[in-house]
Amino acid sequence: MAEQTTTAAVPELVSAISTRFSEPAWLAAVRAEAWQTFDELPANRIEKSDLTKRSWDIGALPVAPGSLPEDAKTLVDSLEGPRVVVVDGVVVQADVPADLAAQGVVFGDLHALLAQHGDLIKRHLFSVVPASESKWTAANAAFWHGGVFLYVPRNVVIETPFTYVSVLTEVNQGAFPRVLVVGGENSAFSLAQVNVAGDNAPSHPHSSVTEVVADAGANIQVMSVNQLRKGPTNYLTQRAKVGKDAVVNWTFGDVGDGFTVALIESVLAGAGSRSLTKGLGIGFGRQHMDLTASMVHQGRYSESDIRLQGVLRGRANSIYRSSTHIERGAVGAGSEQHDRMLMIDTTARADAIPMLLIDENDVQRCGHAASVGKLDADQIYYLMSRGIPKDAAMRMIIWGYLQPIVEAITVPQIQTWLTGLVERKLTS
Amino acid sequence: MASVPHFQIQDLHVAVEGKEIVRGLNLTINGGEVHAIMGPNGTGKSTLASSLMGHHAYDVTSGSVTLDGQSVLDMSVDERARAGMFLAMQYPAEVAGVSNANFMRQALNARRGEGNELPVIKFHRLLQEKMKQLNIDPVFAERYLNEGFSGGEKKRNEILQMSLLEPRIAILDEIDSGLDIDALKIVAQSVNSLRSPDIGFLIITHYQRLLEYIEPDYVHVMMQGRIVRSGGKELAEQLEAKGYDWLKEELGIVDETVGVEA
Ligand SMILES: Nc1ncnc2c1ncn2[C@@H]1O[C@H](COP(=O)(O)OP(=O)(O)OP(=O)(O)O)[C@@H](O)[C@H]1O
Ligand SMILES: [Mg+2]
């Protein structure tokens, strides 16, 4: 295939990572194989997102983490509770309160935790997002470092959200954050993940992978907020395997002007498993966002709901796909999709694409609604008729539309940070 | 701003989608006065109200509208509101995600002007007080603006905004439709309590019933996009008793709507 893959990455880089972190043989082998896949595999063809000209130049292994941009520093300093901070692929902070550790909770640097929890990690790592599924998951599997592992044992319920911030500064290469989350039977907890790139991040590709394993009856909330900038291509792959009667809910927020290809997927494997994906995107500049929220129903009576909302300014171009696949045997499955895109400027473009693939005859419900539109002129008129200036009226309406998703980010500091980010993009 | 408002409409023509709906309307409203406009369906009453507020669908093709000598037509919608104009709408918009209280606070602060905003606690106290007067359940403060409100609830919410914003010229478009008799009395009471030389009212209605509670100084009848007859409150009583046919006959009007010229 005439694929343009301008890769400067060399196999030595892969073995250098294995060596640097004294990886066990099995992991080094996965990495080496992933490198092969990455090298050979062309980028997936995605309708409406041309990946043929995106660079695959990986860059060099970072020597030391750069200093935090002001905005990211404010956020990191404000966080409390169990948290991990990774800068340029280096874990710079990992705090787990003693009471959580006493309950068997494990949270921290994936590499460091291999020594003590090697079996657990080996069992689950790559089990939900295999190294070979796409060029960018292969890139992640070959080059990840500064990964994070979160494990909450059976029957343990943790109220305080876990937070994980990954920052890309201007000194370094592309980042490959890898997150593995394992929730034991009937465990309940939430994880908020923030990906930030400084204004001058270099143009190496960025591929992050989050794998979530929810055992029977587990209830896991995963929030992720991304502020990715123009320049590099950002690939995000987040997938959960949801066991019997388990719940995994995703809340995804993206504010940026970068080129992003994202997949958020729940594989509803167990009977009675459920998943709700809420996504919010604010695009500006020349942003290109290709987001797929996907639900794969395998278990009987599994239920899913997708709600995506986009706000587009400038020359932003967003493609929001909601995909529901009800596999044969997923008797009584139910799913809903709601996509709504708001175009603020006439130069912006948006596509809301619903996809339904139903292989089972006996489904409970399967609904979808998608709309792309402008702000409602009568709503603006109504607010203005009470003295509110046009700009403020528009902002109020947009906020009203985004609020339900912003509120789903239950870590107050991250919610505030996201609010500030959105506010700045709406006013500028 | 403390002066008595003087609102003047002169030879106003308004078109919608190229069709002339208001056709040469003259009306002067001074502070302290209550004017009622009555008229059959489709005669341009709401068009008049919406165009005075500056709704984008209505093109003023000629004429002038001034408030205290200032041209209203040169102002944007929000400027008109801040200058003291208020329109209680026949069909107010619903806005999901924006709470009633937040909306009203933004509106009130916009009206009061920068540097003169009402502190949050004071605002909420004021809002609660006004809601109580209008017999509106306090939960409506946190409900989304008009979303899922019944017809009557929307009308009361419009009046709530009016009493908070204390406009200088208040236009009420069919504020009585959808109200039960108790709500009608409460709304009328609220209007009456605002009556003063600082405010002039233009009340559009089909029913004499409302005018029993809010006694008008002047009653005007609108047909074919203009005022065809003006009088005192007895004109409303006459219309209530006899309908519009006698007037049409007197005026030689066959079709009173703006569709066909007589
Ligand atoms: N936005 C609009 N678009 C198209 N036509 C309009 C619009 N607004 C008003 N019209 C037309 O203008 C005419 C007058 O309507 P208007 O709503 O002003 O009447 P009205 O006197 O308020 O009637 P009602 O008593 O039924 O409320 C009608 O023929 C109506 O269809
Ligand atoms: Mg009307």
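V16(B) stands opposite Y58(B) in β4(B). This is a predicted model, in which local features need pLDDT of at least 70, side-chain atom pairs count only at pLDDT 80 or more, and totals for chains, interfaces and linings use all residues. Residues are numbered from 1 along each chain as its sequence is written, chains are lettered from A and ligands numbered from 1 in written order, and side-chain values use heavy atoms, without hydrogens and water.

**Strand pairing**

- Helices (H or I, at least four residues) and strands (E, at least two) are DSSP runs, numbered from the N terminus.
- Strands pair if DSSP finds at least two bridges between them.
- β1(B) (residues 6–16) and β2(B) (residues 19–30) pair antiparallel over nine bridges.
- R23(B) in β2(B) is the bridge partner of H13(B).
- Two residues lie between the strands of this hairpin, where E17(B) takes a positive phi near 50°.
- β1(B) also runs antiparallel to β4(B) (residues 58–67), joined by eight bridges.

**H220(B)**

- H220(B) is found in β11(B), residues 218–223.
- H220(B) counts as buried because its relative accessibility is 5%; buried means under 20% relative accessible area, exposed over 50%, partly exposed in between (1.4 Å probe, protein chains only).
- Its side chain makes polar contacts with the side chains of H35(B) at 2.9 Å and S230(B) at 2.7 Å.
- A polar contact is an N or O atom pair within 3.5 Å; within protein, one must be able to donate a hydrogen and the other to accept it, and residues adjacent in sequence count only if both atoms are side-chain atoms.
- Not counting residues up to four places away in sequence, H220(B) touches (heavy atoms within 4.5 Å) residues including L27(B), I37(B), M38(B) and I227(B).
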